[in-house]
Amino acid sequence: MSDEASHETRPAHGLDAVDVSDLLRSVERPGSGFRVATTLLLLVLLGAWVIFGRQLLYGLGVTGLNQPVAWGFYIVNFVIFIGISHAGTLISAILRLSNAEWRRPITRMAEVITVVVLGIGGFHPVLDLGRPDRMLNIFSAGRLQSPLLWDVSAITAYFMASTVYLYIPLIPDIALLRDRGARPQWLYKFMAWGWRDTPRQRKVLERAVSILMVLVIPIAVSVHTVISYIFAMTLQPGWHSTIFGPYFVVGAIFSGIAALMMVMIVLRKVFRLERYLKQIHFDNLSKLLLIMSLFWFYFTFSEFLTAFFGNEPSEMRVFFYKFSGPYAPWFWGMVVCNFLIPVVVLSFRRLRTISGIFIASTAVVIGMWLERLNIVVPSLANPRLPYPSGFYVPSLVEWAMFVGGIATFMLGFVLFARFFPLISVWELQEGREQAVRETMERVESYLPDPRPRES
Amino acid sequence: MAESGTRTPGWIYALQVASVAVMWVFVLGISGWILHLNRLSQRLHDVPSATVAIPIVAIPVFLTGAAVLTYVFVGLQRGARAAGDESGEAR
């Protein structure tokens, strides 16, 4: 009997009504909080763009950028936002691929982070151009030999793959909203793509998700590797390093996990999702964060030890600029935030509370931002060529765009939560229906086969 | 599940087909752009060998993404139609 002929359509979402209502609260009962948050964030964003207007009128002279420090906040923020995007698709894909059952309430938020921050991060090089209209030149006369164009290709591919990877597993939940009469109905009818939860449709969906989760992992790794190449392919001291690719990927996953936990903790509180985002989810992610902290320290140590042993004059200028020079507070701040705080907080069960995890995650996001600052500015301030050393102080315009970027990130989440569930309802349901049985079968398959009976 | 809620009006179906078409326009546009840059480097003798890798990697990724999306769209429409036929209901 074929799937269709069996005429078996699964019960749409067998979670009990209270569960579904809880999970759809932000869509069905947004309340005044949504309007207040959206208005405030739009005002912040508007303010940022008004201030940015000065740059459009007067050019990059209104920023703190100068010779030789031609890259500053815009590129730092570009790298950190793209790095955070690894939270989503990569972590979600790895957890799905490895059948980690605890992933179910987490994946959606992770995927949303990716799409939102990729959009923000990808826009920052345009801000850095000074003349944004010149962006159009890459269509007619871009040079594919340049790592900057590799970035454009890789980020565009990642954005497309992540958007598709966010959308496809969202379809059953959109159909649920359509069937519950959520407004705007036309939007849910349009986006549900005729989903009726038949076995055949389930099969198509599962196959597509399987293809995508394999596809996005190499893309995600390539994106941050390629971003590291815009530094490593130059002969600048502090940048020309063979380990920059993996170093950037490790840093990206590190900051991504931290950002994901921050978002989870805030949304858990705001939307009262304590029943779904439990301590065990934070414990598991904390262990990943702790491992990544150790990896990050290992890469940083290797990078600096190699430079120190080489004792090359131009490298040493950058080295001491960070260790004991003008950037020492930021360098040591980075070490404290990325290594000391997470290792101390996350190693001890007593400190690994939700508040402790929030502090450690926030420290890591700040620490990784400082790391990007430490990579970008000191090398430019101490060039290999015989130019005088430079210094960089960001201007109000750059700070405004930084705040604007954060506001856009928050606005992206607020708007997503207004129209779509932040936790995948159908995946939770699938977990309840099938995962326990499948996990038991899987565990049994790991164990030695029963000894054949002796005759 | 409210059956009436699952029926898709014609104009929404047209919009869905258009969204998939837009995706293909985007993907083919990007692929065309990458190939244009590749040809430009060959014409200008501007290290053409270095420009080969990007099209080889990027174009299949874009095409795969669009193909997966199309596969899902077609698969879901067929599934919906089959289920509709069985319940004696038009799309």
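Two residues are in contact if their C-beta atoms, placed from the backbone, lie within 7 Å. Among contacts in chain B between residues at least 6 apart in sequence, 53% join residues at least 24 apart. In chain A, residues 24 or more positions apart account for 82% of the contacts with a separation of 6 or more. The model is predicted.

Chain A has 18 helices and zero strands. The C-alpha trace of chain A spans about 80 × 65 × 45 Å along its principal axes. Of the 455 residues in chain A, 46% are buried.

Chain B contains three helices and zero strands. Read from the N terminus, its elements run α-α-α. Of the 91 residues in chain B, 24% are buried.

The two chains touch through 37 residues from chain A and 37 residues from chain B. On the side of chain B that touches chain A, the elements giving two or more residues are helix 1 (3-6), helix 2 (10-43) and helix 3 (53-86). Helix 3 of chain B supplies the largest share of this side, 19 residues. By class, the side of chain B that touches chain A holds 23 nonpolar, twelve polar and two charged residues.

The largest nonpolar core has 154 residues. Within this core, Ile113(A), Tyr158(A), Ala161(A), Leu212(A), Ile257(A) and Leu260(A) touch the most other members. Helix 12 of chain A gives the most to the core, with 16 residues. Ala161(A) has contacts in both chains. Leaving aside neighbours within four places in sequence, Ala161(A) is in contact with Leu212(A), Leu215(A), Val216(A) and Ile219(A), and also with Val61(B) and Gly65(B).

Helix 13 and helix 16 of chain A pack at an angle of about 35 degrees. Their axes are 11 Å apart. The crossing of helix 13 and helix 16 of chain A is left-handed. Helix 13 of chain A contributes Phe282(A), Ser286(A) and Leu289(A) to the contact. Helix 16 of chain A contributes Ile354(A), Ile357(A), Ala360(A) and Val364(A). By class, this helix pair brings together six nonpolar residues, one polar residue and no charged residues.

Several loops of chain A were examined next. Pro394(A) sits in the loop between helix 16 (354-381) and helix 17 (396-419) of chain A. Pro394(A) counts as partly exposed because it has 19 C-beta neighbours inside 10 Å, and a buried residue needs 20 or more. Beyond its neighbours within four places in sequence, Pro394(A) is in contact with Gly64(A), Gly72(A), Phe73(A) and Trp399(A). Pro394(A) and Gly72(A) are 322 residues apart in sequence, yet their C-alpha atoms are 7.3 Å apart in space.

The loop between helix 12 (244-270) and helix 13 (279-310) of chain A holds Arg275(A). Arg275(A) has 12 C-beta neighbours inside 10 Å, so it counts as exposed. From Arg275(A) to Asp19(A), the separation is 256 residues in sequence and 9.2 Å in space, C-alpha to C-alpha. Arg272(A) also lies in the loop between helix 12 and helix 13 of chain A. Phi of Arg272(A) is near 50 degrees, a positive value in a residue other than glycine. With 11 C-beta neighbours inside 10 Å, Arg272(A) counts as exposed.

A positive phi of about 60 degrees is found at Asp197(A), although Asp197(A) is not a glycine. Asp197(A) is placed in the loop between helix 10 and helix 11 (199-232) of chain A. Asp197(A) has 23 other C-beta atoms within 10 Å and is therefore buried.

One joins Gln67(A) and Pro68(A), with omega about 10 degrees. Pro68(A) lies in the loop between helix 3 (31-58) and helix 4 (73-84) of chain A. Another cis bond runs from Arg183(A) to Pro184(A), with omega near 0 degrees. Pro184(A) belongs to the loop between helix 9 (171-179) and helix 10 (185-192) of chain A.

How values were computed
Residues numbered from 1 in each chain as written. Chains lettered and ligands numbered in written order. Predicted model: local features only at pLDDT ≥ 70, side-chain atom pairs only at ≥ 80, totals over all residues. Helix = DSSP H or I, 4+ residues; strand = E, 2+ residues; numbered from the N terminus. Nonpolar A, V, L, I, M, F, W, Y, C, P; charged D, E, K, R; others polar. Axes fitted to C-alpha atoms, helices over the stretch in contact; angles between N-to-C directions. Left-handed = near helix turned anticlockwise from the far one by under 90°. Core = buried A, V, L, I, M, F, W, Y, C linked by C-beta atoms within 7 Å.
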